[in-house]
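Trainee: Can we go through a few local features of this one? I have the viewer open.

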Amino acid sequence: GSEGSEGTGGTWKAEEVLDRCGALRGKGELLRNTLRALKEKEVVVNRGVSLPLPRNEDVSLFLTLQRDPVSGKIYSAGFRRFKGKSVYGSPVNERIYVAESPEKCEEIQRRFLLDLFDELKILHDYNEAFNEANGANGATSNESTGNEANKTNESTANQPAANESTETNETLKWKEQKSLQTYVYDIYEASLFRELLREAVKIPELAPVALELLFYYQDPSLFGEKQHPFAKVSFPLVVLTEEIRKLVCLPIPFSLRLPEVTEALPKPDFEFKLDPGDLFWFEHSNALKSDAISMAWEKNRVEAAGWIEKELSMRLLAASSVLDGLREKTRDSLVRWPPKFRIPASQKYNYPEVSRMIFIARYESYLRNLEIRERRSLPFSERVKEGISVPVQYLEQNLWKVNSDLDSGLFEQNENFSYLLVPKGVDGEKAQLTFEDYKYRTNLRNPGRSKVCFAMVNKKVKNEKTGKVMGFFLEVYYNEDQLGFSSNDARAASGSAPKQSFFKTGDEAVLHPRFTDFSSERIISRLTELDEQLEHDFIRLLRDPRGFSTPIRETGRVRTAALKHAENSGFTPSQQKAFIHMLENRLTLIWGPPGTGKTYFLAKALLNLVRAKMDAGETIHVGITAFTHSAIENLLLRVREFAEEEGLMEGSGEVEGKGKGLEIYKLKDVKTQKAREALKVLSEYDIQEKSTCPFLVLGGTVNSFNKIKQKCDPFDVLIVDEASQMKPAELALGMSVLDEGKRLILAGDDLQLPPIIAGEYPEPEDGLPGLYDSIFSYLRLRDSSPDPGYTCQLLENWRMNETLSGFPAAALYGKGYRPASEGIAKQKLKLLPSGSAGSAGSETEAKAEAEADPKPEPESKPEFINWVLDPEYPLSVVILENTRASIENEIEAELVAKLAVSLRQTLCLDEAGTPCPDSGEGDSDFWKHGLFIVSPHRAQIRTIRDELGKLRYWQHRPFVDTVDKTQGQEAEAVIVSYGVSDIDTAMNEAEFIYSLNRLNVSITRAKAKCVVFLPRPLLEPPLDLLKNAGASKGLGHMLELVEFCRERGEVEEFEVELEQGVCRLTGIRAKANRIED
């Protein structure tokens, strides 16, 4: 219907219903298109684009493989090449192999792989001949693809200028090279093909060919090889059924069976029909029925092999016909041109560990690139809603106004180092879709001839009360050949105008996320250096951590002084033990569970060592690095704070007579406000000036340390904070400044937030963390727990009371993990008595519009709120029994908001028992120190904020955010809202929703009270969840939490009346009694 009509309302109503089911969320348009296609018996084109499916190619290759379901053997494999006559001398070549007996399966697999490789090698050699003639100026990388209209320009972008005839000659040679795209019709064929390649690598005769095929077709199984490709290949294998589902809806009721799809998507000017005979076709599957191969194998009907060969030949022809028909229907939805074909060059490495880490670095980089491009290819309205693409309008002097409702938290979730800025409209959308991020991944300021601008956000303009982003100050880079965004603006073409005159006031544009990667190539370069050395500390650390952890013999004077200073450092018993280990050994892992004072310990321990060196007249240089700038600067600030208190800084009176004092710097720049005010910055180019400094603490990223390794003397100590978020390859950069045989200290907790891993890799045979995991987990889980050789666990926590620390102790950290003092153990919420007036003016204030149209607040059973918030029961689990929602759970959000408002009215943060004043400062203190609300999904976060806004006028924005924003922080109370009660959503996001680490971080932020909301379906998922090892562990942890509360407290059933209706709840709360061993 038209806007505002009943039809439109019905559409929105349908969307709301669909959004409650994870499998159907956001699928309203797709379902409507499907119904239309079935009803009208026509092909309906969906919105959106396909990144894998190219607009065309010079050579297309179709594969098919079939497996016998009884023996599990691949008994048939074949390919058909179309086009490429100028290369091969013929426009078509078909090779199909069928095993006439089970014994011949390996032979036909061998012939298939050898012939397939020969077919690819011919094209590779053909292109290579032109490439050699063209020299270094040709486009040789499999990573370089681009818009057809820009192929010539992009191939020479960023190249030195040449005379016109030479440029024309090079362009012609480049154009003569041919592209290739490989296809399979169905996903099972792709799986069989990759399985065949993985198995062939194990056969000596086939290994060289199989490995080169893997280099091109790319597979995580390469992770275990000593030889890896130099380049990544964009979409080497396209599965047609996946792209059909994405691009069109067909008048076919069930599966995309090839005969019906061939009829629905006919090739233009080519009539072709595939007969689905009973001998070969299942009713709803594309896999070949095994009747014919059983006849050949069991009844010696050799002719049946010929029938199979003919059937597969027809299938390959049909798949080609479908591809042409699909392209005819969806031409505007295809944005990619395949690259000039190459089998990627490779390199063999001496150390298997180096080979694996280099593969991981390249593979992870490419997958992150694909993830960003996939997000940019979503429907525009969805991208704007999720804060992925941001419509903006130019005002003046680098300032751009945001033309959408953009939540700052949502933008921060999608925040990137660099962005694409394109004109609003069709041309801009086409430019961003065709932009090859991976090609320009290390290019910060020059977009070449890519028809986009690069932009960096220098500053966000934000409404602090609403949390909305109102505008950006952008630094924009563009090619001088580009015209301005206004159609009549050609000023930039002359190159005479300053950069910002490129835009006119009122110009509309869209800001899109862009993939950049400045680390991977540095990591690969550093690892390659290490691979050429006979021995190196980093390789020794990976192979033999205990052997690496040799004793360090300090002089008696240093050791005595260090132990003396440690006695006055306020260390707990476990911290004292860790310091002694650090003093006496080369490798120390400081395992710091939540609240154990890891940063305090590192700062104090470092200064104890510095003071001991000062006392003994020796020098010491210390490097501090971490996964994030904030962690580096936080530790540097604590070191500086304690050093000033102890009079150790340069110029301090206490160090007079002992030589120079301690100097502390951050390399290159500082990022946090506190660091800007307190830390000195040292340029990477000025590091040599500090070589003679006797006492130096230098903080920097692993990249910065790697840059200065040739400019400074090696460090005596390297401290790595947040090591549980740093991968081994990243540590290789950091260790480049550590002297051989000197101290390495890694601090972290691998049971909190892990590193981001985009790919899936084969599990190590020993079941321990692999080189794709964090360096902390890699080392800690290789240290025997009964008698650890280098791991020191901090046990006394300074945050949580006895009950709150009792659960992680019982489930994860061991019985030694306890509150550091009796006062911390007995912490409770300080609440005003029930019925008390609360803070001045703390009654729920209506907003202006609410005052104009007052609504009675829904009745809720007060005993539920009082029961859950009872200070005597610090840990509560609330199970929602009758809700159904995907990622927005309004019922749960309303319950969370009611608890939050109740706490705001009754929670006292001072010893006097006075609640926070009803003011902006009072709200700020409440959300900074009193309460955090944690939820996994941005949609649920928005819903909770909306519910909070209905119940109270907040003068400071409520702290409702993801768990990532809470790590390292604490509050008196924490409410955890999972929201997701739809099992489809939970299963689709199993690794995320059931993350043990995320639940652990969420419930260990609270000092005195934690309430966890869990919809019942999350606790009772399908058995399929158990196939996912990580999700299975997370579910187990969730169930342990419920059982912990049940065993140590009480259970109560509630029915609470809310705006959405009556909600049935099961409350389980644990009492604050001592947790026995």
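Mentor: We will take a helix, a loop residue and a helix pair in turn.

Mentor: This is a predicted model, where local features need pLDDT of at least 70, side-chain atom pairs count only at pLDDT 80 or more, and totals for chains, interfaces and linings use all residues. Residues are numbered from 1 along each chain as its sequence is written, and side-chain values use heavy atoms, with hydrogens and water left out.

Trainee: How far apart are the end C-alpha atoms of α29?

Mentor: They are only 14 Å apart for the 12 residues of 802–813, short of the 16 Å a straight helix would reach at 1.5 Å a residue. That expected span is 1.5 Å times one less than the number of residues. Helices here are DSSP runs (H or I, at least four residues), as are strands (E, at least two), numbered from the N terminus.

Trainee: Why is α29 called largely enclosed?

Mentor: Because 10 of its 12 residues are buried, meaning under 20% relative accessible area with a 1.4 Å probe, protein chains only. Among them are Phe 807, Pro 808 and Tyr 813.

Trainee: And what comes just after α29?

Mentor: Gly 814, with a positive phi of about 95°.

Trainee: New topic. Where is Asp 407?

Mentor: Asp 407 lies in the loop between β13 (399–402) and α15 (408–413). At 7% relative accessibility, Asp 407 is buried.

Trainee: Which side chain does the side chain of Asp 407 make a polar contact with?

Mentor: That of Arg 957, at 2.4 Å. A polar contact is a pair of N or O atoms within 3.5 Å; within protein, one must be able to donate a hydrogen and the other to accept it, and residues adjacent in sequence count only if both atoms are side-chain atoms.

Trainee: Last one: at what angle do α38 and α40 cross?

Mentor: Roughly 35°, and their axes come within 8 Å. Axes are lines fitted to C-alpha atoms, for helices over the stretch in contact, with angles from 0 to 180 degrees between N-to-C directions.

Key: Buried means under 20% relative accessible area, exposed over 50%, partly exposed in between (1.4 Å probe, protein chains only).
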